[in-house]
Amino acid sequence: MIFGVHSPVFIVLLPLSASLLCLAFSRLHRHLGGWVVQLSLLGAFLSSVDSMRQVLDAGGKTIHYWMGNWQPPIGIEFAIDPLNTAVLCMITFISLVVSFYSKPFLENEDWLHYGGYYTLYGLLTVGLCGMTVTGDVFNMYVYLEIMSLAGYGLIAMGGHKSMVAAFRYLLVGTIGASFYLLGIGFLYAMTGSLNMADISERIVPFVHTPLFAFAVACFLVAFGIKMALFPLHGWQPDSYTYSHPGAAGLISGCMSKVPAYAMLRYFFYVFGIHNTVMQSLMNVLGIMGICGILIGSVMALAQYDFRRMLAYSSVAQLGYIAVGMALGNIHGFVGAVLHLINHAFMKCCLFLVVGGITYRFGEVNLYRLGGLNKKMPVSSIAVCLAVLSMVGIPPTCGFFSKWYLMLGAYESQQYIHIVVLVISSLLNAVYYFRIVEQMFVQREASLTELHEPATKLGLPMNMVVPIGITGLGILLLGVYSSTLVNRIVEIGLPEVLMR
Amino acid sequence: MTMIDTRPLIAVCIPFVAALLVSMSHKYPNIREMWSAIASILLFGTVISMTGGVLDGMTYEYTMFNLTDTVGLTMKTDPAGTIFATLASLLWIPINFYSIGYMRNNHEGMQTGYFAAFALCIGATMGIAMAANLLTFFVFYEILTISSYPLVLHERDEEALLASRKYLAYTLASGQLFLAGTVGVYCISGTMNFTPGGFLESHMAPAWVLQLLFVLLIMAGSVKAAVMPLHGWLPAAMVAPTPVSALLHAVAVVKTGAFAVLRILGFVFGPKLLSELGIADVLAWMAVLTILASSFIALRQDNLKRRLAFSTIGQLSYIVLGGALLTPLAFKGAYLHLVAHAVMKITLFMCAGCIIVRTHLHDISEMDGIGHRMPVTMTCFALASLGIAGTPFLVGFVSKWNLAMGAIQAGKPLFVLAWMASAILAIGYLMPVVRMAFFKPEPEGDPRHYGSTSYCMLIPICFTAILSLVLGIVPEIFPPDFYRLAELASAGITAGFGGVFK
């Protein structure tokens, strides 16, 4: 349509070039750099949609895009399959929406900070998209680092304790990246290739060797750290809490989901799950997921800082995705992918609202939100939707991922998972309904207005519209979840699950 | 014969649209209430237009969209669902006018939210009544939980807060168990469509799995139907405004629970499988205990609404017991009692609300002689009380007769004793109110202040009182002909199993 066969590469290329040029544009005019990046994000979103259309037109068969027409294993390959494009659409859409939302936070910044913010923001998106779309293991490492570095920067821009949080994430994140590099090294030693599709064929004779086990363990630790899987989640609550409130929606929404998706791709598309090493690894992953769900929920219960509570809730929700993967059957896989997308929207929506509250009142204590339904009506409704989705009340999207996860758990007779899912839903209900109660029932808290609202909706339009869109997205993803599953996810199922 | 028809969809959508319109007309109370009134009449019209067809053996079905890869959000009108849909939509009309009178005369706050949540509840109830499969049922079941939560919380004080938390804890927990059960049922049978006589069969899974699934599913219904020991939320939820207690805690929410129990007994497991598993007897005994215990507790309550709440708990267990007996007449009696109890209890609650609005009295011990000043209200109260006790020519008698015959048909005449005891107890806890109102003199220099009468409240009370009389004398009156609908429903459930009961 727009870029024809080249649309896959534009998903990454457009934001990359725009981010690199952003500062120069910002020097000319403070806002110009931001606009350029936003325009590129729009382009990336349209290219993602276009890629999705192409791959669905091709009946779901993977489209291989070779950079500069160099064929693998020498050249770098972008792999476009239905799942990839779904995740890409999610990332670029959220990124685009949140980029508008950030603007009010940057009102008083000079051109350097303004431009710098959008440079990092664009690069973060580049990293996320690149990790999703690439078909080359070393290329993924590059994008992983781009994502992480941009992430460190954005977290550090949050002010107040954010430096420490960012530094901590930097240390832990670097360890994660090193493990990933180590894993690639093992893979290369065994197969002599860096192309994913190539490796998946050449790895077969090695699947019983200790080296393979080492490599797989490295990937588990690497992605486990990056997706904040329990017990590797230590960096995450601080980073989410103190990150730049304008970017928190993207950071919390996508930055942990994309490593989870990368892990899913490795496990199901490259390593295959029908060998003994992977089987035992899946068990470990399942246990990590279960512990994460329970401990994340309990920790979230104990928080009074709204952002921190959401961060711990993310640990729990990532546990759902891990459990879905660990089930190793079609329904579990569908549940994991669906939850990846659904949770990105839910968490993004909640963080956008928290950011809005911070912007207007400078308040993050969740026991001081009384009467917010009058002051910020749209945000309150969005929070309600997100809360219902978190608890898993149909027809919001959170229910549907839970449904598939439960089906998967029954199928592989992991009844303990069902018990955990039920308990976790109830814990979610406890700590999320607390917020709804605060907002709608408690007496009005005396809050100081940092920014007088310009509109009746309580926030600048730039912020209300993204909040509304993500809130609506939660509902629409729920209603159209069967379309998403039937038309996209089930077409892109990995071959290992078909047997 | 099954026919694709949009009317089930329209019936579900009307209240939801009304809720939207209500919340948008925040500034104009008269227009806001007009939306509710129009919606209630439209809804009843829509439902009643399908009743005739259902009586002739038609089934109207419509799938809105797919919920999951294999299961759709499907609405269907079978006889059992039609009974419930007709009942709820019929009673929404009087309760709507009553609400307007009550909320305005009692100067309640947040009326917009109230009316919107009210309409949402009715919409969810419609969805539950017409749900064609377990998942659709669950969707609306959860919507009902969520949309009735603000109603319990309406007063926004400490007591309401605690009650609402209790309510959510009970209903959400049981909802999640229901979901787990639903997944299990789907996994062993590969389908979720309600089928008269049940779709599960004994060869699908070991007996203990089936029993576990039964417990998981029935628990959700039992919580909303307030079967002891899962009843704790209902008396607490009486802090809500009285029309809420009237419709939700006498008609929509608790009846949904009873309806769910009947759906699970008759349309998921079926009498044949249940009699093999033998687990329905446990439910039956729980119901008997609930009937007796709640009646005794009701005797001791001084707060009128709480007394009615415990009476509700007992009466709902009639329905559960009827279902658990698994015979054709018992099922028929259970469906009839769904109707009968709704009509009678809504009258009682509306009377209680009327007393509250006019005199601000909540306790029975203070109600000496109020019948002299409120003759119409208390006459209706007396009529409905007699109905609850099962007096002939009132609607309560028809259902109880069928229930009792069902127990005999099942060869368990002992259960008849439970109903008889409960009837005597019902006289014991409801008639003193009537006696005090009419036959005790007003206290010297009456300190009580009587507010003005509102016809907006009085006429609905008379309407439902007369309805309970009419349905008692001619139960097969059309529309809605509940009697034949109940007969059709129970015949469907027990069709494959009727050979045992001659």
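**Reading the model, feature by feature**

Guide: Let us begin with the meeting of the two chains, to which chain B gives 22 residues and chain A gives 22 residues. Please keep in mind that this is a predicted model.

Visitor: Which elements of chain B give two or more residues to the side that touches chain A?

Guide: They are strand β2 (59-66) and the helices α5 (134-152) and α6 (158-189) of chain B. The largest share of this side comes from α6(B), with 11 residues.

Visitor: How do the residues of that side divide into nonpolar, polar and charged?

Guide: On the side of chain B that touches chain A, 15 are nonpolar, 4 are polar and 3 are charged.

Visitor: How should I read the packing of two helices, for instance α17 and α18 of chain A?

Guide: One reads the angle and the distance between the axes. Helix α17 (residues 397-411) and helix α18 (residues 415-440) of chain A pack at an angle of about 155°, and their axes are 7 Å apart. Because angles over 145 degrees count as roughly antiparallel, α17(A) is roughly antiparallel to α18(A). The crossing of α17(A) past α18(A) is left-handed.

Visitor: Which residues meet where α17(A) and α18(A) are in contact?

Guide: From α17(A) come Lys402(A), Leu405(A), Met406(A), Ala409(A) and Tyr410(A); they meet His417(A), Ile418(A) and Leu421(A) of α18(A). The residues of this contact comprise 6 nonpolar, 1 polar and 1 charged.

Visitor: Where in chain A is a peptide bond cis?

Guide: For this, one reads the angle omega. A cis peptide bond joins Phe230(A) to Pro231(A), with omega about 0°. Pro231(A) belongs to the loop between α8 (210-226) and α9 (236-242) of chain A. The bond from Pro394(A) to Pro395(A) is cis as well, and its omega is near 5°. Pro395(A) is placed in the loop between α16 (377-391) and α17 of chain A.

Visitor: Which value of phi does Ala226(B) have, and in which loop is it found?

Guide: The phi of Ala226(B) is near 55°, a positive value in a residue other than glycine. Ala226(B) is found in the loop between α7 (207-224) and α8 (233-236) of chain B. A second case is Leu326(B), whose phi is positive, about 70°, although it is not a glycine. Leu326(B) has its place in the loop between α11 (304-325) and α12 (328-359) of chain B.

Visitor: Are Ala226(B) and Leu326(B) buried or exposed?

Guide: One counts the other C-beta atoms around the residue, and 20 or more within 10 Å make it buried. Ala226(B) has 29 other C-beta atoms within 10 Å, so it is buried. Leu326(B) has 27 C-beta neighbours inside 10 Å and therefore counts as buried.

Visitor: How many residues does helix α14 of chain B have, and how many are buried?

Guide: Helix α14 (residues 375-389) of chain B has 15 residues; from its first C-alpha to its last it reaches 21 Å, close to the 21 Å expected at 1.5 Å a residue. Of these 15 residues, 12 are buried, so α14(B) is largely enclosed by the rest of the structure. Among the buried residues are Met378(B), Phe381(B), Leu386(B) and Ile388(B).

Visitor: What covers the buried residues of α14(B)?

Guide: The cover includes α11, α12, α13 (370-373), α15 (395-409), α16 (414-439) and α17 (455-473) of chain B. Just after α14(B), Gly390(B) takes a positive phi of about 90°.

Conventions:
Residues numbered from 1 in each chain as written. Chains lettered and ligands numbered in written order. Predicted model: local features only at pLDDT ≥ 70, side-chain atom pairs only at ≥ 80, totals over all residues. Axes fitted to C-alpha atoms, helices over the stretch in contact; angles between N-to-C directions. Helix = DSSP H or I, 4+ residues; strand = E, 2+ residues; numbered from the N terminus. Parallel < 35°, antiparallel > 145°, perpendicular 65-115°, else oblique. Left-handed = near helix turned anticlockwise from the far one by under 90°. Contact = placed C-beta atoms within 7 Å. Nonpolar A, V, L, I, M, F, W, Y, C, P; charged D, E, K, R; others polar. Expected span 1.5 Å × (residues − 1).
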